[in-house]
Amino acid sequence: MLILVFILNWDQFRNLNLRSANGEFILGLLANLRNIYEIRSNPETWYGRADILMIPRKSHNYFAYIIEFKTTDTKTDTEKTAQDAIEQIQEKEYISAILNAGIKPDKIIKLAIILQGKKVVVEIEKFNTPGTV
């Protein structure tokens, strides 16, 4: 999570187009966590491709993360875009790759990172299994 805080506070990051090769920069920052996490970029999941999956190597110690990035123009509602990204994670079942790695649902966190010029919105949500709140 420390890497995420660094990214959100770094002005040049806000100008990156995450759908281009510059998204590799983010993976470079996350590479420092490779002893703790298996970092997967654009992995195929059940119904689509997540931007980044972070799967802990020791499943009982750390949370797993599903990260979805979006960029928007100045006229777009960032809060709605963030909620749409969280819904995309759920609908496309990006979680399947993490569950297949043996991670329990209560150890999975969904992150939507929305960039709108210099404005950054982060939506964080724990994964809820059916029948939980």
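Reader: How much of the protein is buried?

Author: Buried residues account for 42% of the 133 residues in the protein. Keep in mind that this is a predicted model.

Reader: Noted. And the accessible surface, what does that come to?

Author: About 7,800 Å² for the protein, with 50% of that belonging to carbon and sulfur atoms.

Reader: OK, fold next. How many helices and strands?

Author: There are 4 helices and 5 strands. Along the sequence the pattern reads α-α-β-β-β-α-α-β-β.

Reader: What's the strand order in the sheet?

Author: The sheet is open, has 5 strands in the order 1-2-3-4-5, and its pairing is mixed. Strand 1 (37–41) and strand 5 (119–126) are the edge strands, each pairing on one side only. From one strand to the next, the twist averages 15°.

Reader: How do strand 4 and strand 5 run, parallel or antiparallel?

Author: Antiparallel, and 8 bridges join strand 4 (residues 108–116) to strand 5. For a reference point in that pairing, isoleucine 113 stands opposite valine 122 in strand 5.

Reader: Which strands does helix 3 lie across?

Author: Helix 3 (residues 78–91) lies across strand 3 (64–71), strand 4 and strand 5. The helix runs at about 145° to strand 4.

Reader: Switching to packing. Which residues touch the most other members in the largest nonpolar core?

Author: That core has 19 residues, and the ones touching the most other members are Leu53, Ile66, Ile98, Ile103, Ile108 and Ile114. At least two core residues come from each of strand 2 (52–56), strand 3, helix 3, helix 4 (95–100) and strand 4. Helix 3 gives the largest share, 4 residues.

Reader: What does isoleucine 114 touch?

Author: Leaving out residues up to four places away in sequence, isoleucine 114 touches Lys70, Thr72, Thr78, Thr81, Ala82, Ala85, Lys119, Val120 and Val121. There's also a second, separate core of 13 residues, and Leu27, Tyr37, Ile109 and Ile113 are among them.

Reader: Now aromatics. How many aromatic pairs turn up in the whole structure?

Author: A search finds 2. In one of them, the rings of tyrosine 37 and tyrosine 62 have their centres 6.0 Å apart and their planes at 55°, so the pair counts as tilted.

Reader: Where do tyrosine 37 and tyrosine 62 lie?

Author: Tyrosine 37 is in strand 1 and tyrosine 62 is in the loop between strand 2 and strand 3, so the pair ties together parts that are 25 residues apart in sequence.

Reader: And the other pair, what's its geometry?

Author: Tyrosine 37 pairs with tyrosine 65, again tilted, at 6.2 Å centre to centre and 55° between the planes. Tyrosine 65 sits in strand 3 and tyrosine 37 in strand 1, so this pair ties together parts 28 residues apart in sequence. Through these ring pairs, Tyr37, Tyr62 and Tyr65 are linked into a cluster.

Key. Residues numbered from 1 in each chain as written. Predicted model: local features only at pLDDT ≥ 70, side-chain atom pairs only at ≥ 80, totals over all residues. Heavy atoms only, no water. Pairing = 2+ DSSP bridges. Axes fitted to C-alpha atoms, helices over the stretch in contact; angles between N-to-C directions. Contact = heavy atoms within 4.5 Å. Core = buried A, V, L, I, M, F, W, Y, C linked by side-chain atoms within 4.5 Å. Buried < 20%, exposed > 50% of the residue type's maximum accessible area, 1.4 Å probe, protein only. Areas by Shrake-Rupley, 256 points an atom, 1.4 Å probe, with all protein chains shown as cover. Phe/Tyr/Trp six-rings, centres within 6.5 Å; stacked < 30°, edge-to-face > 60°.
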